[in-house]
Amino acid sequence: MKLKMSLVGITITLLLVGCAKKELTPGVTDTEILIGNIQDLSGPMKELGYLLPAGANLYFQYINDQGGIYGRKIRMLVEDHQYNPQKAVAAAKKLIEKDQVFCLYQVIGTSTSEAIIPILEEYKIPLVAPATQSGTMSRPLRRYIFQTDTGYDKQMNVLIDYILRQDKNARIGLIYQDDNYGANALKGAAEAEARHKITLQKESYQRGASDFSGQVGNLMKGGATHVIIAGIVREPIIIMKTAAAMGYRPQFLGLSPTMDHRVAIAAGPAGEGYIAANFAPLWNSDAPGPVLYRKLHDKYADPKTLPLGMYSYYGFATATVLVEALKNAGKDLTRASFLQALNSLDYKGGSFPDFKWTRTNHGSSGKVVLVQVKNGKQVEISDWLD
Amino acid sequence: MKGRYEDEKLFWIPVLIAAVFLLPFLLKGMTNSYRYYLYVLNIAGIYMILTVGLDLLSGYTGLISLGHAAFFAIGAYLSAILVDQGGLPFELSLIIAPLLTGLFGLVIGFPALRLEGMYLGLATMGFGFIVKRMIIALRQWTQGSNGLQVSSPHIFGFTFRNDWDNYFLIYTGVVLTVVIARRMVRSKLGRAFMAIRDSERAAEAVGIRLAKYKMISFFISGVFAGFAGVLFAHTSHFISTDHFDILLSVYFIIMILVGGVGSIYGAVLGALFIVLLDNLAIPLFKDWLQTFITVEAGDIQSLIFGLIMFLFIIFQPTGLYGLWLKVRIYWKLFPFNPRKRFS
Amino acid sequence: MPDLLIDNLHIHFDGVIALDDVSLTVKSGEIFSLIGPNGSGKSTLFNCINGFNRPRKGAIRFGGINLLRKKTHEIPLLGIARTFQNLQNVPYMTVLDNVLLGAHLRISKRDTVKRWLSRKQRVAEEALALEIMDLLGIANFERKYLLGQPFGIRKLVEIARALVSRPKLILLDEPAAGMNDQETIEIAKIITEIRNELGITVLVVEHDMRLVMRISDRICVLDSGKVITIGKPDEVKQHPEVVKVFLGEGTDA
């Protein structure tokens with residue numbers, strides 16, 4: 001009974017203290033906005049863990065040099081989750097409770113982002129542009145997550161539509177990673193199968209696998225003329241080399257995580273002609289986003305430590321979205337005003353295809369541009385498709 | 001009748017328990033970000049429950065397990081499915097899911113009867129991989145690799161909504177676990193476990209059925225791991241296969257090694273030590289180190305964990321708990337030199 | 001109390017014959033010693049009785065039951081306890097717990113569960129061991145961890161562990177090995193007490209001839225797995241082959 005009383009007492013005190021502090025928004029002062037970013041700095045994706053925030057900081061520095069947003073400069077804290085959902089939760093709690101960040105931004109990974117959803121809801125904090133293209137981030141609607149990237153399921157649909165436009169009689173094979181990434185790709189594949197009344201030949205592999213001769217052999221036997229790879233960076237390289245060694249030459253295509261210049265380099269001649277889906281303009285294209293990115297890179301970055309490339313461009317591009325929403329939230333920046341700004345963001349910044357967020361849609365434009373390897377270099381070969 | 005153990009001073013136990021439950025109030029008074037520290041303590045508490053169970057198996061019975069993350073996962077998923085999909089009340093799931101996990105313990109315990117040391121370690125590790133695959137394969141219930149949203153703990157009308165509430169739930173579990181485990185190891189059961197560990201011949205010669213007691217040990221260890229899993233699933237609200245990595249099993253082993261193999265308090269201390277080190281000390285150390293070179297917490301974490309384990313095995317094989325006993329005896333006997341008391 | 005009947009026991013390991021048609025009877029209430037040089041099969045015989053080794057031929061009967069048909073852990077149920085030559089105990093357990101280990105079969109499941117809740121039951125359980133420990137004079141060590149205790153104490157703990165199961169027959173494997181003269185005398189006293197006061201039949205393997213001659217009712221001499229002779233200490237001492245085999249060990253007896 002006494003415990004209960006003291007619990008009640010303490011809760012009341014806390015509430016009073018909470019009310020008294022209400023005018024102060026965590027992470028926002030007259031001169032600064034503090035945002036939290038959770039990356040994989042020492043796990044399997046640690047390369048990205050450096051490149052994404054570095055790209056974002058190019059834009060933040062550009063904005064800060066112009067005087068910031070209503071006089072507030074942006075400062076970003078980066079925590080490490082090692083691609084472990086439990087650590088992602090710990091990092092999110094630390095950023096929110098200890099460092100008192102204003103919002104979360106660019107948490108990388110699907111299961112890691114999903115693990116912190118309960119925290120976002122508990123603290124009513126938005127997560128802007130999670131670094132994952134899983135469609136599950138915005139469909140069904142997550143109240144506090146705002147996704148800039150086109151989902152794997154949508155990408156799958158676009159790729160299959162594209163293949164069938166090129167070749168009505170194409171037999172399509174799919175190699176997917178048997179995890180949540182692959183599951184989202186399969187969802188898109190099932191939608192396309194139903195629309196076109198076709199059946200894909202599906203082969204799966206476990207994360208970390210390095211031998212694909214079985215899967216490639218099966219697709220060869222099945223006579224697939226087009227093979228879509230739902231892998232990351234390593235898999236298309238190995239798959240295309242394996243196929244070449246077997247004398248099997250279908251058209252290979254891949255989802256956005258395979259849209260990496262290293263695929264073109266490492267796969268060599270076997271990778272020539274490889275087509276990957278991309279949810280943002282290619283970093284070396286002439287779209288306004290990439291042009292500004294290269295200009296800022298020239299101005300602020302040391303090319304030795306931060307080379308130009310798709311990942312730092314991705315970080316930059318999402319930063320433009322975040323900044324735009326922060327600007328729209330106005331001078332009186334609170335979490336409520338920020339959420340309102342996010343819920344009505346009409347993005348036309350050029351770093352992503354134009355999109356609109358509303359109260360009921362926190363997803364991307366749903367558009368994809370195709371990027372092909374030609375003479376060992378990536379070039380865009382299509383308009384925005386959806 | 002004389003007490004059997006020097007530490008059977010029951011006075012301290014209620015004091016300790018009271019301290020555990022007063023700690024959150026203290027933290028709240030001390031810092032604004034107390035909820036973060038409570039979260040870290042909650043994770044430590046869940047791991048304590050698991051490591052106490054692991055210690056019964058590996059420390060007391062001498063059967064190494066590199067698959068405890070799998071039991072942890074089974075308990076978590078079972079409860080999530082039973083409660084959220086099967087409509088079982090959480091109060092019941094708190095009992096049923098651990099018992100079912102214990103049955104999985106029996107399944108893996110069976111081959112263990114023929115395996116020892118390293119081979120048993122590998123077999124249990126294999127079990128970990130199988131469980132992970134099973135979770136992905138049973139999509140219908142587990143959502144495969146998408147991960148599963150889990151409801152909050154709900155006991156007799158009270159819902160545990162945040163880290164503050166969860167702390168009291170979890171540490172009630174820890175206290176229960178420690179009391180039950182202490183009772184167990186001091187009974188016939190614990191003596192049988194230790195006899196199996198140190199001399200299977202002596203065990204058989206006094207009438208202990210090795211197979212039976214090894215299975216019991218696996219079962220009990222599974223129950224504790226399952227219990228920890230249930231608490232984990234419902235307090236973190238989201239579970240996925242990524243949570244239950246093979247490395248986690250290794251960390252559990254490090255926790256009992258550091259705490260002191262074959263001691264219940266040791267397992268508790270070990271879990272606390274490693275979790276605090278991982279979440280609070282290593283980031284500070286990293287920040288300091290980063291003034292000289294670019295490193296990330298994860299890079300030095302494995303290094304520090306490895307180093308700590310190495311140092312403990314070489315210099316302090318009885319772990320933190322053994323160290324505490326030594327210190328206590330030292331002060332009791334001061335100024336007489338109490339060397340060799342525990343050598 | 002039943003006699004222990006050993007009938008034509010034969011066992012060999014990898015072609016080496018360890019026991020060759022050994023037959024002997026240990027009568028109830030007797031102190032019976034097995035002697036013989038190293039490798040003569042004394043410990044093997046012990047291991048056959050409590051089920052560690054499985055002989056090819058022969059039978060061991062105790063109270064009409066053939067022990068060879070029983071599993072190792074079932075032997076103590078019949079009232080046979082043993083000690084080991086190289087100590088088999090649990091260093092990180094207290095002396096008292098090491099002794100209580102022997103009471104494994106005397107403590108029921110119900111008592112174990114009760115014990116978790118009731119202090120009285122715990123005290124009752126401890127009393128089982130303290131009774132025996134008093135007899136052996138190690139009751140003062142009850143709370144100490146076995147690790148770090150002197151060899152003599154650990155030896156006694158081993159005997160206490162066997163006794164606490166209230167056996168009908170106790171097998172002592174070299175109880176005096178590694179003990180000094182003073183301790184050996186103590187052991188001799190204990191062995192006679194086990195028989196005289198507790199009424200337990202004692203089968204003992206021992207190297208110390210003085211001890212054997214002093215305490216034994218009858219002695220069996222084994223050499224290379226064969227029984228050379230069985231008889232009263234005086235008769236055995238006179239036996240010509242025994243003298244031959246034990247030249248060296250026998251002379252200082």
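Visitor: Which residues does A:His226 touch, not counting residues up to four places away in sequence?

Guide: In this predicted model, A:His226 touches A:Ile163, A:Asp167, A:Ala170, A:Arg171, A:Ile172 and A:Gly173, and also A:Pro250, A:Gln251 and A:Leu253, once residues up to four places away in sequence are set aside. As for its place in the chain, A:His226 belongs to strand E8 of chain A, which covers residues 226–230.

Visitor: Is A:His226 buried or exposed, and why?

Guide: The idea is to look at the relative accessible area, where a value under 20% counts as buried. A:His226 has a relative accessible area of 10%, and therefore it is buried. Its side chain also has a polar contact of 2.9 Å with the side chain of A:Thr225.

Visitor: How should I read the directions in which side chains point from strand E10 of chain A?

Guide: In a regular strand the side chains alternate between the two faces of the sheet. In strand E10 of chain A, residues 275–278, A:Ile275 and A:Ala277 point one way, while A:Ala276 and A:Asn278 point the other way, and all of them are buried.

Visitor: In which sense, parallel or antiparallel, do strand E9 and E10 of chain A pair?

Guide: Strand E9 of chain A, residues 251–254, pairs with E10 of chain A in the parallel sense, over 2 bridges. To follow this in the structure, look for A:Leu253, which stands opposite A:Ile275 in E10 of chain A.

Visitor: Turning to the chains, which pair of chains has the most contacts?

Guide: There are 2 pairs of chains that touch, and the most contacts are between chains B and C. Chain A and chain C, by contrast, are joined by no contact, and their closest C-alpha atoms lie 26 Å apart.

Visitor: How many residues does each chain bring to the contact of chain C and chain B, and what area is buried there?

Guide: Chain C brings 38 residues and chain B brings 33 residues, and the two chains bury about 3600 Å² between them, with 58% of that on carbon and sulfur atoms. The rule finds 2 salt bridges across this interface, and C:Glu125 forms a salt bridge with B:Arg191, in which the closest N and O atoms are 2.8 Å apart. There are also 5 residue pairs in polar contact between chain C and chain B, counting pairs with both residues at pLDDT 80 or more.

Visitor: What does the contact of chain A and chain B look like in numbers?

Guide: Here 34 residues of chain A are in contact with 34 residues of chain B, and the two chains bury about 3100 Å² between them, 50% of it on carbon and sulfur atoms. Between chain A and chain B the count is 6 salt bridges, and the side chains of A:Glu122 and B:Arg35 meet in a salt bridge at 3.7 Å, N to O. For residue pairs in polar contact, with both at pLDDT 80 or more, the count is 10.

Visitor: Which helix gives the most to the side of chain A that touches chain B?

Guide: That is H3 of chain A, with 9 residues. By class, the residues on this side of chain A divide into 13 nonpolar, 7 polar and 14 charged.

Key
Residues numbered from 1 in each chain as written. Chains lettered and ligands numbered in written order. Predicted model: local features only at pLDDT ≥ 70, side-chain atom pairs only at ≥ 80, totals over all residues. Heavy atoms only, no water. Contact = heavy atoms within 4.5 Å. Buried area = accessible area lost by both parts, 1.4 Å probe. Salt bridge = Lys/Arg side-chain N within 4 Å of Asp/Glu carboxyl O. Polar contact = N/O pair within 3.5 Å; in protein donor to acceptor, adjacent residues only side chain to side chain. Buried < 20%, exposed > 50% of the residue type's maximum accessible area, 1.4 Å probe, protein only. Helix = DSSP H or I, 4+ residues; strand = E, 2+ residues; numbered from the N terminus. Pairing = 2+ DSSP bridges. Nonpolar A, V, L, I, M, F, W, Y, C, P; charged D, E, K, R; others polar.
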